[in-house]
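Here is a short report on one protein chain. Read it with the sequence and the 3D view side by side.

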Amino acid sequence: MKQRKIPMRMCLGCQEMKPKKELIRIVKNKENEISVDFTGKKPGRGAYMCKELSCFEKARKAKRLEKAFECAISQEIYETLKSQLEEEDGR
């Protein structure tokens with residue numbers, strides 16, 4: 001049987017290529033609204049980040065989300081991401 005290709009994406013924090021399913025997707029839609037996409041299926045421009053707090057901090061400090069989407073990112077998006085990552089760590 002033919003082996004399926006695993007889609008790889010780059011993490012904004014650590015800049016490593018990882019399987020898409022291991023990453024969190026942040027989406028910018030046509031109305032320029034930015035949201036966190038936990039399903040990975042929302043339409044729009046996507047950026048990916050590891051599920052580690054250290055990667056989140058690196059991406060936030062270097063403003064990589066702003067560079068990826070070419071616009072300002074609200075504090076609310078950062079808070080949502082951080083709370084989700086802390087929840088994942090607690091498991």
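Is Tyr78 buried or exposed? Tyr78 is buried, with a relative accessible area of 5%. Buried means under 20% relative accessible area, exposed means over 50%, and partly exposed lies in between (1.4 Å probe, protein chains only).

## About the model

This is a predicted model: local features need pLDDT of at least 70, side-chain atom pairs count only at pLDDT 80 or more, and totals for chains, interfaces and linings use all residues. Residues are numbered from 1 along each chain as its sequence is written, and side-chain values use heavy atoms, with hydrogens and water left out.

## The aromatic pair

The structure holds 1 aromatic pair. Its partners are Phe56 and Tyr78. Their ring centres lie 6.1 Å apart, with 65° between the planes, and the pair is edge-to-face. Phe56 sits in helix α1 (residues 53–61) and Tyr78 in helix α3 (residues 75–90). The pair links distant parts of the chain, 22 residues apart. Rings of Phe, Tyr and Trp (its six-membered ring) pair if their centres lie within 6.5 Å; planes under 30 degrees apart count as stacked, over 60 as edge-to-face and the rest as tilted. Helices (H or I, at least four residues) and strands (E, at least two) are DSSP runs, numbered from the N terminus.

Phe56 is buried, with a relative accessible area of 1%.

## Salt bridges

How many salt bridges are there? The count comes to 2. A salt bridge is a side-chain nitrogen of Lys or Arg within 4 Å of a carboxyl oxygen of Asp or Glu.

Asp37 and Arg25 form a salt bridge, at 3.1 Å from N to O. Asp37 lies in strand β4 (residues 34–37) and Arg25 in strand β3, 12 residues apart. Asp37 and Arg25 are both buried.

Glu57 forms a salt bridge with Lys82, with the closest N and O atoms 3.8 Å apart. Glu57 is in helix α1 and Lys82 in helix α3, so this pair ties together parts 25 residues apart in sequence. Glu57 is partly exposed at 34% relative accessibility. Lys82 is partly exposed too, at 25%.

## A buried lysine

Lys28 lies in strand β3 (residues 24–28). Lys28 is buried yet has no salt bridge. Which side chain of opposite charge is nearest to Lys28? That is Glu70, 5.9 Å away. Lys and Arg count as positive and Asp and Glu as negative; His and the chain ends are not counted.

The side chain of Lys28 does reach the backbone oxygen of Phe69, at 2.8 Å.

Thr80 lies in helix α3. Thr80 is partly exposed, with a relative accessible area of 34%. The side chain of Thr80 reaches the backbone oxygen of Glu76 at 2.9 Å. The C-alpha atoms of Thr80 and Val36 are separated by 7.7 Å, though the residues are 44 apart along the chain.

Asn32 lies in the loop between β3 and β4. Its phi is near 65°, a positive value in a residue other than glycine. Asn32 is exposed, at 51%. Glu70 lies in the loop between α2 (64–69) and α3. Phi of Glu70 is near 55°, again a positive value in a residue other than glycine. Glu70 is exposed, at 73% relative accessibility.

Technical notes:
Polar contact = N/O pair within 3.5 Å; in protein donor to acceptor, adjacent residues only side chain to side chain.
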